[in-house]
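This report covers a predicted model. It takes the fold of one chain, then the contact between chains.

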Amino acid sequence: MLEKKEKQFDAIIENLVCVNELIESCLTKIDCPIKVKMQIDIAVEEIFVNIVKYAYPTETGTVTVQIELSDEPLTVTIVFTDQGIPYNPLTREDPDVSLSAKDRQIGGLGIFITKKAVDEIFYEYKDRKNILTLKKVIE
Amino acid sequence: MTIEKQMDGNKLTMILSGRLDTTTAPELEKELKASLDGVTDLTWNFEKLEYISSAGLRILLSAQKVMNKQGSMNLIHVSDTLMEIFEITGFTEILTIES
């Protein structure tokens, strides 16, 4: 394990910048290609924003973001943990990407893009917490 | 993100610089809503756009739906990285994109 950082944030949209900074502070330690960095940023944004929007309907809750770098192969693992309503975003149906503009729905893109942007994604609900893990191999 | 608008008759060009994400998308949405009346030709210049997430894609899809009724829309100077996002989401089939 090369590096590991963890921070707790209030689940508010203003903290997206701070979450990005946490990720950035870890990725600057390695030579991360721009394209890979963007894919990681997108996945992080989509997951964090979904937690902000949906996890805590009646109050402001918190989300813990943990980022870990490991090698052989060089991999970044990001874990989001929240205590909001139990929800597995991976059960969401993928949008039909073959539809025309007229028929395309506005929603459902976030988690779809996330799944494509990372190499592994898994979810568990444990100890009354939603735990979502993203893994991306950095070539 | 900075937004620059260039109007030439019924042709509108939107030049975006920086990041189009959840925090900057609302501002773009507001600008667009105020500008699309009477526009028959909408061009997005993405030369200086570094990043786009689903929040941005939603705005583009909405704009395309509007422009399909009142004219045409295209994207120019799209980077390879952004192009990949458009490809995996099927947006290359919906939008008219030049790299």
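## A helix across the sheet

Helix H2 of chain A spans residues 34-54. It lies across four strands of chain A: E1, E2 (62-70), E3 and E5. Relative to E3(A), helix H2 runs at about 10 degrees.

## The sheet of chain A

The sheet is open and has five strands. Their order in chain A is E1-E2-E3-E5-E4, and the pairing is antiparallel. Strands E1 (3-10) and E4 (120-126) of chain A form the edges, each pairing on one side only. From one strand to the next, the twist averages 15 degrees.

Strand E3 of chain A covers residues 75-82, and strand E5 of chain A covers residues 129-137. Eight bridges join these two strands in the antiparallel sense. Within this pairing, Thr75(A) stands opposite Val137(A) of E5(A).

## Where chain B meets chain A

On the chain B side, 25 residues are in contact with 26 residues of chain A. Interface size is often given as the accessible area lost when the parts come together. Here the buried area between chain B and chain A is about 2100 Å². Carbon and sulfur atoms give 63% of that area. Three residues, Tyr51(B), Arg58(B) and Ile88(B), supply 23% of what chain B buries against chain A, more than any other three residues.

Two salt bridges are counted between chain B and chain A. Arg19(B) forms a salt bridge with Asp41(A), with the closest N and O atoms 3.3 Å apart.

## Aromatic rings

Arg19(B) also lies over the face of Tyr51(B), 3.9 Å from the ring centre. A search of the whole structure finds one aromatic pair over all chains.

Note on methods. Residues numbered from 1 in each chain as written. Chains lettered and ligands numbered in written order. Predicted model: local features only at pLDDT ≥ 70, side-chain atom pairs only at ≥ 80, totals over all residues. Heavy atoms only, no water. Pairing = 2+ DSSP bridges. Axes fitted to C-alpha atoms, helices over the stretch in contact; angles between N-to-C directions. Contact = heavy atoms within 4.5 Å. Phe/Tyr/Trp six-rings, centres within 6.5 Å; stacked < 30°, edge-to-face > 60°. Lys NZ or Arg CZ within 6 Å of the ring centre and 35° of its normal. Buried area = accessible area lost by both parts, 1.4 Å probe. Salt bridge = Lys/Arg side-chain N within 4 Å of Asp/Glu carboxyl O.
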